[in-house]
Amino acid sequence: MRQDNAQLPQREGEIRIPSGCAISGIFSKTGEKINGRKIIDSIATMHDRSNGLGGGFAGYGIYPQYKEYYALHVFYESSKAKEECEKFIDKKFDIINLSKIPVRPTPKITNEPLIWRYFVKPQHNMLESSHLDEAEYTCRNVIQINTTIEGAYVFSSGKNMGVFKAVGYPEDVGEYYGLEDYEGYCWTAHGRYPTNTPGWWGGAHPFALLDYSIVHNGEISSYDANRRYIEMFGYKCTLLTDTEVITYIIDYLVRRQGLTLQEMASVIAAPFWSTIEKYPPEERERLTYLRNTFSSLLITGPFSILLGFSGGMMALNDRLKLRSMVIAEKGSTVYVASEECAIRVVEPTLDKLWSPKGGEAFIVTLEGGER
Amino acid sequence: MKRIYVNEKWCLGCHLCEYYCAFANSGSDDMVKALKDITIHPRIKIEERQGISFAVSCRHCEEPLCVKSCITGALTIHDGVITIDSDKCVGCYTCILSCPYGAVMPSGSGAIQKCELCVKNSFGTPACVQGCPNKAIVYEERA
Amino acid sequence: MAVDFLYPPYEVIRNHDKCITCRVCERQCANEVTRYDPQHNRMISDDAKCVNCHRCVSLCPTRAIKIVKTDHTFKTNANWTGDTISAVYRQAGTGGVLLSSMGNPEAYPVYWDKMLINASQVTNPPIDPLREPMETKVFLGQKPDAVQRDEQGKLINNLAPQLELSTPVMFSAMSYGSISYNAHESLARAAQELEIYYNTGEGGLHEDFYKYGKNTIVQVASGRFGVYKDYLEAGAAIEIKMGQGAKPGIGGHLPGAKIVGDISKTRMIPEGSDAISPAPHHDIYSIEDLRQLVFSLKEATEYKKPVIVKIAAVHNVAAIASGIARSGADIIAIDGFRGGTGAAPTRIRDNVGIPIELALASVDERLRQEGIRGNVSIVVGGSIRNSADIVKAIALGADAVYIATSALLALGCHLCRSCQTGKCNWGIATQRPELVKRLNPEIGYQRLVNLITAWTHEIEEMMGGMGINSIEALRGNRLMLRGIGLTEKELQILGIKHAGE
């Protein structure tokens with residue numbers, strides 16, 4: 001949460017800022033380790049789709065040594081915030097390891113907050129008495145930090161995954177965090193083109209909650225309908241960004257309602273009624289049920305999103321396909337990007353390249369499941 | 001063929017059809033000029049009694065008694081429309097006597113007059129139908 | 001005759017140069033304002049009888065008539081206006097309660113007119129409804145809290161019964177008795193063609209209209225007129241009427257003179273007896289009683305039909321709605337203080353209740369705060385005047401709207417607000433056969449279909465402008481609204497920002 005300073009321009013959470021963007025994702029179905037360098041090279045190609053006001057990455061499978069623990073990445077605006085937040089984390093969780101996230105200072109990245117990483121597990125007694133499962137317990141505490149502790153912001157909270165983001169061009173952000181020192185089976189990246197100058201690190205993407213991370217290009221016109229509905233279920237949209245609300249919607253539908261990713265896609269990018277009518281009766285009933293039951297979670301307006309989760313990645317366009325997105329395969333590696341060039345630059349020869357239809361979810365998972 | 005039909009259920013007895021008929025056949029382009037301070041002689045007439053009203057005009061019968069009875073050949077059928085040639089009409093009124101609906105009447109100029117579905121005047125389509133506020137008079141094809 | 005101090009509010013102005021003395025004005029005026037003077041071959045009028053319904057004006061073939069507000073005046077007084085003074089005279093003369101019809105005409109703020117709608121520019125493309133699908137279909141009813149699956153993991157359809165609307169508009173309750181048979185037929189046929197719903201009101205359902213049941217909402221009000229098993233089963237949904245925006249807190253009274261023929265049969269009360277709807281339902285003195293009626297009706301119809309609870313927008317509407325949302329009701333209908341009526345005490349119509357815009361905003365917000373917005377759908381009425389009002393209502397949080405006054409306008413009503421006299425010259429608010437027949441349902445239903453079709457086109461255009469191609473993405477999307485000329489408090493209640501923010 002932000003410390004009060006009336007002099008600063010408004011930033012995420014105080015004003016809703018539309019933005020255009022670039023997204024890229026790389027996924028190895030066989031779980032081969034992909035070096036962070038590759039995703040930097042990919043997103044860097046789409047430099048012109050960003051304007052230097054936000055870039056970020058999410059890597060999966062990057063913390064194998066701590067894969068049982070939630071990795072909390074936290075921005076602090078002051079040591080006071082850090083002190084208060086650590087007290088909170090210490091009370092609610094057992095901290096297995098804590099450290100500054102290593103960075104390589106560069107003139108291209110300024111106004112750095114304190115950036116810390118904690119590997120934690122829920123404190124046993126607190127978890128028991130909360131009557132919540134581990135994920136919900138962690139989720140609620142993350143939301144609590146972000147909404148109540150001034151100057152502290154948890155921007156990554158999954159297991160064996162991590163988000164790295166900052167204000168700057170994405171390639172500079174990648175260099176800053178030294179992503180070539182990380183390896184994972186899945187990477188997603190985001191370059192941001194907001195329409196004003198918020199300059200807050202928390203506002204950069206990916207946006208993540210637990211294992212879910214979202215990179216997104218678009219401006220959804222259903223935003224406030226979605227936000228006001230999802231907030232009924234304990235989520236607080238503090239950033240007022242599309243990515244944040246989409247993440248919460250996916251978390252709600254998949255983790256809390258138990259929908260499959262395909263079913264979730266049939267809610268947020270629901271087929272048109274005229275399309276639903278053409279299906280056989282059973283499928284028609286199923287799609288009508290999903291669309292009607294979760295009608296307030298339909299997302300309209302342009303978007304292309306990449307959802308990272310443990311063991312998989314999903315790509316989805318809005319149902320009119322108002323944002324560009326291509327998918328490619330080479331061997332067991334899958335690529336998704338806003339533009340084909342961002343794929344060709346890291347893999348010039350491809351087995352297959354295609355443009356998914358609007359509203360058609362593309363899901364890829366690790367062969368043989370998560371490891 | 002399209003004919004004028006009247007649904008008495010929706011007739012309000014407002015008599016507007018009579019005025020629109022008189023105007024349409026007046027040759028004038030202004031209703032006030034045509035109808036102010038005159039007694040009108042419309043070719044459609046509202047019949048009303050005991051709260052029931054309906055408009056009566058020529059049915060354009062397939063086997064019209066008026067045509068059969070016309071002694072000068074002034075009444076003829078053109079494309080199903082029974083028309084009057086006033087130059088030929090001698091005003092014997094046999095047609096008036098023979099019409100079972102009372103839809104033929106004197107015109108005031110010696111000849112008889114009757115509804116000719118506005119085909120001969122500048123309206124081109126029945127003015128009474130256009131002027132009826134409640135669709136009680138319709139112009140349509142019926143089997 | 002005693003002097004009554006009342007001067008006719010309107011004057012019938014006839015241009016004798018244009019009058020052709022066709023006498024249609026005379027024949028069509030049930031108030032007998034006009035008559036023909038054979039001596040002078042002129043039409044003459046008694047202004048005092050004129051209610052300004054425009055029947056004569058509309059039918060005059062030479063446009064020779066206009067009705068003007070009289071410029072006869074009392075001494076100017078900002079406090080004691082002419083209307084205020086005349087009301088005192090009227091009551092001093094009669095000793096009676098002032099009666100009025102249709103909605104509150106007083107100059108209270110119209111919040112619809114103080115909200116502006118957004119459109120996309122650059123960062124997000126507007127959508128052209130002529131080229132892309134634009135969806136206005138709405139389902140009304142409870143949504144489940146959680147999905148359920150069978151043993152094979154397939155989703156189970158655990159939805160409560162729903163109403164499916166092709167466009168988010170319904171015709172709200174107007175009883176057979178308060179309006180005519182032909183008005184009801186027009187509404188029923190239009191609802192069927194439009195794939196929406198009309199509402200019987202509290203007067204039962206005429207046997208001829210059972211065939212429109214698929215598009216009918218049957219109402220159960222405090223008088224329970226015409227309510228029996230077949231009636232409940234005839235409709236697609238059942239509405240419990242707790243209140244009406246035009247007269248919150250009071251019941252209704254259809255005079256015995258109007259309880260004749262089919263009205264008596266349909267209401268199931270003897271001819272000539274007054275139809276009195278009590279102020280409360282005498283089996284509902286609290287929220288737990290409402291729950292029992294909701295479930296009684298559901299039992300009676302085997303849980304196959306959604307139950308709507310209709311309330312008037314009053315001061316603590318949010319709390320009341322919250323109670324209803326937990327009562328088992330599927331849909332809450334809220335009627336604002338501008339809602340119409342066939343007859344209401346003037347002082348109640350003009351002074352009781354609150355604007356629907358504020359009521360809707362606070363109910364929607366309260367239900368969301370309590371996490372129960374999915375328990376119920378919200379339908380709002382009480383002066384929805386055009387498609388922009390509908391877009392604003394949905395953006396504030398409504399699922400659909402109820403319209404009645406605009407529907408009657410489409411049928412020819414000229415808002416003369418004299419329904420209580422039973423002499424409606426347009427054949428709507430009357431039971432006199434010679435007047436009822438003036439509304440030909442063949443014309444009436446087509447005009448209703450035209451109106452809703454036109455509004456739907458406009459809704460689609462506005463949605464497309466916002467980059468929204470499905471109405472559910474507009475529902476509760478308050479960022480699409482901005483206030484204009486509103487105070488901080490009003491903005492806070494409406495949950496919107498001011499224009500420019």
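Two residues are in contact if their C-beta atoms, placed from the backbone, lie within 7 Å. The legends below describe close-up views of a predicted model.

**Figure 1. Contacts among chains A, B and C.** No contact joins chain A and chain B, and the closest C-alpha atoms of these two chains lie 37 Å apart. Two pairs of chains touch, and the pair formed by chains A and C has the most contacts. In that pair, 34 residues of chain C meet 33 residues of chain A. The side of chain C that touches chain A comprises 14 nonpolar, 11 polar and 9 charged residues.

**Figure 2. The contact between chains B and C.** Chain B contributes 19 residues to this contact and chain C contributes 16. On the side of chain B that touches chain C, the elements giving two or more residues are α1 (16-24) and α2 (31-35) of chain B. By class, the residues on that side of chain B are 10 nonpolar, 5 polar and 4 charged.

**Figure 3. The two domains of chain A.** The domain assignment divides chain A into domain 1 (14-61 + 184-371) and domain 2 (63-159). A distance of 24 Å separates the C-alpha centres of domain 1 and domain 2 of chain A. Where these domains meet, 14 residues of domain 1 of chain A are in contact with 18 residues of domain 2 of chain A. The side of domain 1 of chain A that touches domain 2 of chain A holds 5 nonpolar, 6 polar and 3 charged residues.

**Figure 4. The two domains of chain C.** In chain C the assignment gives domain 1 (10-96) and domain 2 (138-498). The C-alpha centres of domain 1 and domain 2 of chain C are 35 Å apart. Contact between them involves 9 residues of domain 1 of chain C and 7 residues of domain 2 of chain C. The side of domain 1 of chain C that touches domain 2 of chain C consists of 4 nonpolar, 4 polar and 1 charged residues.

Figure 5. An unreviewed UniProt entry carries the annotation "active site" at A:C21. This residue is located in strand β1 (residues 19-28) of chain A. A:C21 counts as buried because 28 other C-beta atoms lie within 10 Å, and the cut-off for a buried residue is 20 or more. Apart from neighbours within four places in sequence, the residues in contact with A:C21 are A:R49, A:H190, A:G191, A:R192, A:Y193, A:H216 and A:N217.

**Figure 6. An open antiparallel sheet in chain A.** The sheet has 5 strands in the order β11-β12-β13-β14-β18 (chain A), and their pairing is antiparallel. Strands β11 (207-209) and β18 (362-365) of chain A stand at the edges; each has a single partner strand, so one side of each lacks a neighbour in the sheet. From one strand to the next, the twist averages 15 degrees. Helix α7(A) packs on the sheet and touches β11, β12 and β13 (303-309) of chain A, with its direction at about 135 degrees to that of β12(A). Strand β11(A) pairs with strand β12 (residues 212-218) of chain A in the antiparallel sense over 3 bridges. A:S213, in β12(A), is the bridge partner of A:A208.

**Figure 7. Helix α8 of chain A and its covering elements.** Helix α8 (residues 261-268) of chain A is largely enclosed by the rest of the structure, because 6 of its 8 residues are buried. The buried residues are A:E263, A:M264, A:A265, A:S266, A:V267 and A:I268. Among the elements that cover them are α7 (242-256), α10 (281-293) and β14 (312-317) of chain A.

**Figure 8. A:R255 in helix α7 of chain A.** A:R255 lies in helix α7 of chain A. With 18 C-beta neighbours inside 10 Å, A:R255 counts as partly exposed. The C-alpha atom of A:R255 is separated by 9.1 Å from that of A:E136, although these residues are 119 residues apart along the chain.

Figure 9. The annotation "transmembrane region" in an unreviewed UniProt entry covers residues 294-316 of chain A. In the model, this stretch is 0% helix and 52% strand, and its end C-alpha atoms are 18 Å apart.

Definitions and conventions:
Residues numbered from 1 in each chain as written. Chains lettered and ligands numbered in written order. Predicted model: local features only at pLDDT ≥ 70, side-chain atom pairs only at ≥ 80, totals over all residues. Nonpolar A, V, L, I, M, F, W, Y, C, P; charged D, E, K, R; others polar. UniProt positions renumbered as here; feature names shortened; annotations may be inferred. Helix = DSSP H or I, 4+ residues; strand = E, 2+ residues; numbered from the N terminus. Buried ≥ 20, exposed ≤ 12 C-beta atoms within 10 Å, placed from the backbone. Domains from an automatic or database assignment. Pairing = 2+ DSSP bridges. Axes fitted to C-alpha atoms, helices over the stretch in contact; angles between N-to-C directions.
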